[in-house]
Amino acid sequence: LKSHVDEIVIQDGKAMGVRVKNSDATIEAKKGVISNISVWDLMNSGIVDTSLLPDKFVNERKETPACPSFMHLHVGFKCSREELEQLQAHYIYMDDWNRSVTEEENCALISIPSVHDDSLAPENHAVLHIYTPATERYERWENVKRNSPEYKQLKEERSTFLWSVLEKVIPDIRERSVHHQVGTPLTHQRFLNRHRGTYGPAIYAGEASFPFPNTPVKNLLMCGDSCFP
């Protein structure tokens with residue numbers, strides 16, 4: 001548990017188990033192996049030997065269109081119980097209804113869980129989360145090194161929109177803030193092992209359908225946002 005998987009072991013067309021990082025031992029599967037990583041990471045990371053799969057299956061999965069990533073802002077802020085009662089738990093903000101929800105800096109979603117559960121923060125404090133819905137382009141970030149001055153500056157620039165939306169709900173949120181953290185496409189890529197920090201497949205209803213969990217390898221199944229259900 002909590003170990004990085006280096007390889008899904010396949011023998012004679014059957015998933016036999018997994019091999020974890022820094023170990024030559026194989027964890028044998030009693031019934032099968034279920035992959036919860038994205039379709040792009042499964043096919044491109046080397047975790048599975050794609051030469052053991054039909055070319056048509058591999059190529060179709062690799063060509064699955066991907067959504068952009070997203071920006072996140074988590075804030076811990078000063079707020080009394082009485083003030084919380086004046087807030088909603090969720091907000092959706094659209095800057096211009098004539099523009100698409102998929103355009104950058106046009107839509108943001110806010111969640112304030114403290115509205116329903118004040119135990120999530122110390123007394124007279126609350127927490128919130130605001131994010132853009134899969135509209136942040138990875139290309140802007142892919143050549144930026146984490147923890148570099150350029151990265152910190154870009155985080156500041158790209159979170160400005162989120163702060164401005166928050167100020168429409170809580171005008172003095174910057175003064176109330178006692179702690180905040182900004183998440184970027186590189187955050188998603190690193191901590192969630194997500195291909196290019198993507199939100200998930202860009203498969204549109206009526207145009208295409210999500211693939212089912214089965215694979216050509218016996219006892220190897222997929223789950224998560226790359227397949228249906």
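Predicted model: local features only at pLDDT ≥ 70, side-chain atom pairs only at ≥ 80, totals over all residues.
Let's start with helix α2, which spans residues 55–62: here F57, V58 and R61 are buried. Look down the axis of α2 and you'll find its buried residues within an arc of 95 degrees, so they line one face of the helix.

What do the buried residues of α2 pack against? Their partner is α1, the helix made of residues 39–44.

Three strands make up an open sheet in the order β1-β2-β3, and their pairing is antiparallel. The edges belong to β1 (5–11) and β3 (26–28); each has a single partner strand, so one side of each is left without a neighbour in the sheet. On average, neighbouring strands here are turned by 35 degrees against each other, if you ignore direction. As a rule, the strands of a sheet pair through backbone hydrogen bonds, either parallel or antiparallel.

Zoom in on β1 and its partner. Strand β2 covers residues 14–20, and β1 pairs with it in the antiparallel sense over six bridges. To see how they line up, find I8, which stands opposite V18 in β2. Together β1 and β2 form a hairpin, with two residues between them.

Finally, head along the chain to E136. You'll find E136 in the loop between β8 (125–131) and α4 (149–158). Is E136 buried or exposed? With a relative accessible area of 2%, E136 is buried, because anything under 20% counts as buried. So who's around it? Leaving out residues up to four places away in sequence, E136 touches P68, S69, F70, M71, E104, W141, R158 and P185. One of these neighbours, W141, also takes part in a polar contact: its side chain meets the side chain of E136 at 2.9 Å.

Note on methods: Residues numbered from 1 in each chain as written. Heavy atoms only, no water. Pairing = 2+ DSSP bridges. Helix = DSSP H or I, 4+ residues; strand = E, 2+ residues; numbered from the N terminus. Axes fitted to C-alpha atoms, helices over the stretch in contact; angles between N-to-C directions. Buried < 20%, exposed > 50% of the residue type's maximum accessible area, 1.4 Å probe, protein only. Polar contact = N/O pair within 3.5 Å; in protein donor to acceptor, adjacent residues only side chain to side chain. Contact = heavy atoms within 4.5 Å. Arc of directions from axis to C-beta.
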